[in-house]
Amino acid sequence: MKKIDKKELHTFFVAPEPERKRAFMRKIARVKRGRGLSFYSMLSLQCRYISPKVWLFSIAFFGAVLIANYYEASAIWIPVFAMVPFLVMLSVTESMRSYQNGMEELEMTTRYSLKTVIYLRLLVLGSGNLLLLLLSAFFVSDQFFPSLLYMLTPYFLTAAGNLWIVRTFAGRESTYICLGFAALVVIAEYGILTRWNFFFEERYLGAWVIALAFFVALSVREGRTVIKGSLSLA
Amino acid sequence: MHLLRWYAAFAYIRNRQGKQTIKMVCRICLTRNRQGKQTIKVVHNTEREENMELVIDRLTKQYKNKIAVDRISLRFAQGIYGLLGANGAGKTTLMRMLCGILNPTSGTIAFDGIDVATEEYRSELGYLPQDFGYYPEFTGKDFLMYMAALKGIGKREAARRTEELLEIVSLKEAAKKKIKTYSGGMKQRLGIAQAIINDPKILILDEPTAGLDPKERVRFRNMIAELGKDSIVILSTHIVSDVEHIADYILMMNQGKLTFQGKREEITDDLEAFYLREFGENEDVYEDACL
C-alpha cells in the first residue's frame, strides 16, 4: 500500500461544518451544571454578599460588651443593651434587601430562588447574632442565664416586629419603619432598666421565660411567613 | 450522498432523575458525495432541543374585579414569539406567570412536562423584567457573577460567561463601574446579559428594548434571532418594529384575551398596519368593558 504523507491527509477530507454546535455545547455545559452548587457553596456565597456594615455593627456590639465588662460600670450596660434591637434590625433588613432594592423579581426566577436566598441570609445572620449574644452573656454578669434572657427577649421581640414590617411594607420605607420599631423597643428597655428595674429580680424570671418563648414563637411564625411569601409576587 | 460508514460517540451522563446513563451524543458519518469525494459529517444528537415544548393550558389570572389574563392556552416550540399588545393588555401578567413569579388563578404551565413552580423549570429559564433593581454596591461584573451563582453556574464558568457577555452587550469597559453610574440603556443591556447567562431554553423578555438606542436595538435583534434557533424566546413589547423582523410567530393580546396567534409569514401585510387593524376590530371589547 502506498505510504500516505501525513501532510497530505488533510486534503483527503473536507473539514465538516459544525451542525447544531451551540445545542451540543449547551448540552455539555448543562451536564456539568446539573449537580449545581452545594448548600455550603450557597451559604458562603450569601456570606460574601452580606453588607460589611452588618458585620461591623456586630463587632462594635461585642467591643462595647468587652469595654463595659472591663470598666464594670452599670451605666455602660444601658447603651449596650440598647444596641441589641438595632443588631436584629440590621439583620432583618439585610435579609430582605432583595425587596428593598427591587431585585426580588430577578431572584425569584433563578434556580436557587429568592426563598433560598432569604432563608440562607436569615440563617447566617440569625445564627451569628445568637452566638454573639451567647458569648456576650458570659461578660455581662456572673449570672449567665438571666443575662442571656434579658438580651434575647428584646432581640426576639424586635425580630418578630421587624419581620412583620418587612413583609407588610414594600421598598426602602420598611427599613425606616423597622428602625422606628427598634427605637421603640430601646425606649421600652430603657424605661424598664431605669424606672421598673424590679422586673430584673429573680421572682420575675418565669415571666421573662414566658415572654421569650412567646416572642420566639412569633419570630418563627413571621420568619416562615416571610420565606413562604418569597415564592411568588401574589 | 452515499453513507459509507458511521461511528457513534457516547457520553456518560447523569439524567434528570440523577441516574447515570450512557447516551449517544453524536454520529460521525463518513460519506461520499456525487463527485466521489469522501467527506465527514458530524450529526449531533439533539432530539431533546427539537422536541422542547412549553404548554400553557387555560391560564387565567383574576384580581378582585379585573381579569388580567383570560383563559389563554398556547403551545410554544423552538423559535421567537412576539407578544404584542397595548399597555394593560395583560402581557406582563402573562410573562410573570410563565416565569412562575405570579400564581395563576387557574390553569397550568409546563415545559416538557416540568411544572413552572419547580427548580428544574427555573434552571432552564432566563427572564428580563420590565423594571428591575440592583444592589447599589454592585458593579456590572459583580451583578452578572451574582446572578450566575443563583442560576447554579460554577465560579469558573460564571467568570468565563460574564466576560463573554460583557463583550457581547458592549459593557466591557464599564464592567468594573458601579451600576448606579450606568445609563438606562447600559442597565438594560446588563439585564439582557443576566437573562442569557445560563443559556436558557426558555427566554422571556418583557419590553427588552426600552432605553436602547437604534444601533443597540439592531444588535439586540440579531442576538435574539440567534438565540431563537435553539430556544423558546417570548418577547413582549408594544413596539411592533422590535418583532417585525425577527419573530417567527406573532401573538396579540387585548384585555387579557389572545386576539391573534399565527406565523409571521401568514401576515402578508405590514405588521404595524395589521396590528392596528386587529386592535381596531376589537374596540367592541373596550365598549363592552366600559358599559
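How many of the 9 residues of H2(B) are buried? The answer is 8 of the 9, so helix H2 of chain B is largely enclosed by the rest of the structure; buried means under 20% relative accessible area, exposed over 50% and partly exposed in between, with a 1.4 Å probe and protein chains only.

The model shown is predicted: local features need pLDDT of at least 70 and side-chain atom pairs count only at pLDDT 80 or more, whereas totals for chains, interfaces and linings use all residues. Residues are numbered from 1 along each chain as its sequence is written, chains are lettered from A and ligands numbered from 1 in the order in which they are written, and side-chain values use heavy atoms, with hydrogens and water left out.

Figure 1. The buried residues of H2(B) are B:Lys91, B:Thr92, B:Thr93, B:Leu94, B:Met95, B:Met97, B:Leu98 and B:Cys99. Helices (H or I, at least four residues) and strands (E, at least two) are DSSP runs, numbered from the N terminus. For B:Cys99 the relative accessible area is 1%. Just after the helix, B:Gly100 adopts a positive phi of about 80°. B:Leu102 lies in the loop between H2 and E7 of chain B and is buried at 5% relative accessibility. Its C-alpha is 9.9 Å from that of B:Ala117, a residue 15 positions away in sequence.

**Figure 2. The four-stranded sheet of chain B.** An open antiparallel sheet is built from 4 strands in the order E5-E4-E7-E8. Strand E5 (67-76) and strand E8 (114-115) are its edge strands, each pairing on one side only. Helix H2 (residues 91-99) packs on this sheet and touches E4, E5 and E7 of chain B, its direction making about 125° with that of E4(B). Contact means heavy atoms within 4.5 Å; axes are lines fitted to C-alpha atoms, for helices over the stretch in contact, and angles run from 0 to 180 degrees between N-to-C directions. Strand E4 (residues 54-62) and strand E7 (residues 106-111) of chain B are antiparallel and joined by 5 bridges; two strands pair if DSSP finds at least two bridges between them. Within this sheet, B:Asp57 stands opposite B:Thr108 in E7(B).

**Figure 3. The six-stranded sheet of chain B.** Here 6 strands form an open sheet of mixed pairing in the order E9-E10-E11-E6-E12-E13. Strand E9 (125-128) and E13 stand at the edges with a single partner strand each, so one side of each is left without a neighbour in the sheet. From one strand to the next, the twist averages 15°. E9(B) pairs with strand E10 (residues 202-206) in the parallel sense over 4 bridges, and B:Leu128 has B:Leu205 in E10(B) as its bridge partner. Helix H6 (residues 184-196) of chain B lies across E9 and E10 at about 170° to E9(B). Helix H7 (residues 214-227) of chain B lies across strand E6 (79-85), E10 and strand E11 (232-237), at about 155° to E10(B).

**Figure 4. The hairpin of E12 and E13 in chain B.** Strand E12 (residues 249-254) and strand E13 (residues 257-263) pair in the antiparallel sense over 6 bridges. The two strands form a hairpin with 2 residues between them, and B:Gln255 in the turn has a positive phi of about 50°. B:Asn254 has B:Lys257 in E13(B) as its bridge partner.

**Figure 5. Nonpolar cores.** A nonpolar core is a set of buried Ala, Val, Leu, Ile, Met, Phe, Trp, Tyr and Cys residues joined through side-chain atoms within 4.5 Å. The largest has 72 residues, and those with the most contacts inside it are A:Phe61, B:Leu54, B:Phe76, B:Tyr121, B:Ile204 and B:Ile234. Helix H9 (residues 144-168) of chain A gives the most to this core, with 11 residues. Beyond residues up to four places away in sequence, A:Phe61 touches A:Val80, A:Met83, A:Val84, A:Leu132, A:Leu133, A:Ser136 and A:Met151. A second, separate core of 65 residues includes A:Tyr112, B:Tyr182, B:Leu203 and B:Met223.

**Figure 6. A:Gln46 in helical chain A.** Chain A has 11 helices and 0 strands, and 44% of its 234 residues are buried. A:Gln46 belongs to helix H3 (residues 39-48) of chain A and is buried, with a relative accessible area of 1%. Leaving aside neighbours within four places in sequence, A:Gln46 is in contact with A:Val117, A:Leu120, A:Arg121, B:Tyr146 and B:Leu150.
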